[in-house]
Amino acid sequence: MSLMGKIQETKSFLEAKGLTAPEFGLILGSGLGELADEVENAIVIDYVDIPNWGTSTVVGHAGKLVYGDLAGKKVLALQGRFHYYEGNPMEVVTFPVRVMKALGCHSIIVTNAAGGISYGPGTLMIINDHINMIGTNPLIGENLDEFGPRFPDMSDAYSKDYRVKAKEIAGSIGIEVEEGAYLGVSGPSYETPAEIRAYKTMGADAVGMSTVPEVIVAVHSGMKVLGISAITNYAAGFQSSLNHEEVVEVTTRIKEDFKGLVKAILAGL
């Protein structure tokens, strides 16, 4: 089956389950999936039950699709994303974004846990740009003309309007945020100290193993994007060692601020 055929089949399946006219897609990163538990009038579907859908294998990713009302908006939330390092092809990594667009989402809010280069653990960073060091691009191959052009413009990938609004809203509710560029790598190994020094020179403020593919596909599809990184640890060279348990621990510590911020932003957009 063609990619367009798969998208249409999945769209029809989800619409039959009652998932109609979502406004915002939410992609919730490591340890941040609890936000989806606050969705009201929720329809919850396990990834394994959705045709053409991938499976999430990472600790901190529940593997559920949640549809309903959050902060006065119709949302379609991913509790767990698919990573390139899990062995997924880019088509699978970005498939949920295609389906979000097909169902009617005009925007996505994409979140992740990231290593800090300019900022320390516990920081919430509004993403203003990204650097793709994954080594591939999800748009390689036949272009889906139904979604967007062959060569999409990435000049304003992370909507300036949304970034300005997000910072205003954060200030109004007393949550401190920073802003910076996110660098995406393939993983699953953490970066070496030398790599981090190189990335810092390139202009990266945080580094992680996700987000970039989904954002490229969202921009190609004409969707507006807001990105938020939860800085869960210092990147390699800034602290003695790195482990995923620390990532989950820090996201647990800051998740209330994170959830409050995303809900306030949703209400204000």
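This briefing describes the overall build, the nonpolar cores, one set of paired strands and the salt bridges of a predicted protein model. The protein has six helices and nine strands. Its radius of gyration is 17 Å, close to the 18 Å that the globule rule gives for 269 residues, so the protein is as compact as a globular protein of that length.

**Overall build**

- The C-alpha trace spans about 50 × 40 × 35 Å along its principal axes.
- Of the 269 residues, 54% are buried.
- Of the contacts between residues at least 6 apart in sequence, 82% join residues at least 24 apart.
- The protein exposes about 10,800 Å², and carbon and sulfur atoms supply 49% of that area.

**Nonpolar cores**

- In soluble globular proteins, nonpolar side chains tend to be buried together.
- In this model the largest nonpolar core has 45 residues. The residues with the most contacts inside this core are Leu14, Trp53, Leu65, Met100, Ile108 and Val225.
- Several elements give two or more residues to this core, among them helix 1 (3-16), strand 3 (64-70), helix 2 (90-103), strand 5 (107-116) and strand 9 (224-234).
- Helix 2 supplies the largest share of the core, seven residues.
- Apart from its neighbours within four places in sequence, Leu14 is in contact with Leu19, Ile45, Ile50, Leu65, Val99 and Leu103.
- There is also a second, separate core of 30 residues, which includes Val75, Ala230, Phe258 and Leu261.

**Strand 3 and its partners**

- Six of the seven residues of strand 3 are buried, so this strand is largely enclosed by the rest of the structure.
- Strand 2 (residues 40-46) pairs with strand 3 in the antiparallel sense, over five bridges. Here Ile43 has Tyr67 of strand 3 as its bridge partner.
- Strand 4 also pairs with strand 3 in the antiparallel sense, over seven bridges. Here Tyr67 stands opposite Leu76 of strand 4.
- Two residues lie between strand 3 and strand 4, and the two strands form a hairpin. In its turn, Ala71 has a positive phi of about 55 degrees.
- In a regular strand the side chains alternate between the two faces of the sheet.

**Salt bridges**

- The model has 14 salt bridges.
- One of them joins the side chains of Arg163 and Asp156, at 3.9 Å from N to O. Arg163 is buried, with a relative accessible area of 14%, whereas Asp156 is partly exposed, at 44%.
- Asp161 and Lys224 also meet in a salt bridge, at 3.7 Å from N to O. This pair links distant parts of the chain, with Asp161 in helix 3 (residues 160-172) and Lys224 in strand 9, 63 residues apart. Asp161 counts as exposed at 55% relative accessibility, while Lys224 is partly exposed at 31%.
- Lys167 forms a salt bridge with Glu179, and their closest N and O atoms are 2.4 Å apart. Glu179 lies in strand 7 (residues 177-185) and Lys167 in helix 3, so the pair ties together parts that are twelve residues apart in sequence. Lys167 is partly exposed, with a relative accessible area of 36%.

Note on methods: Residues are numbered from 1 along each chain as its sequence is written. This is a predicted model: local features need pLDDT of at least 70, side-chain atom pairs count only at pLDDT 80 or more; totals for chains, interfaces and linings use all residues. Side-chain values use heavy atoms; hydrogens and water are left out. A nonpolar core is a set of buried Ala, Val, Leu, Ile, Met, Phe, Trp, Tyr and Cys residues joined through side-chain atoms within 4.5 Å. Buried means under 20% relative accessible area, exposed over 50%, partly exposed in between (1.4 Å probe, protein chains only). Helices (H or I, at least four residues) and strands (E, at least two) are DSSP runs, numbered from the N terminus. Contact means heavy atoms within 4.5 Å. Two strands pair if DSSP finds at least two bridges between them. A salt bridge is a side-chain nitrogen of Lys or Arg within 4 Å of a carboxyl oxygen of Asp or Glu. The radius of gyration is taken over C-alpha atoms; the globule rule is 2.2 Å times the number of residues to the power 0.38. Accessible areas come from the Shrake-Rupley method with a 1.4 Å probe; for residues, only the protein chains shown count as cover.
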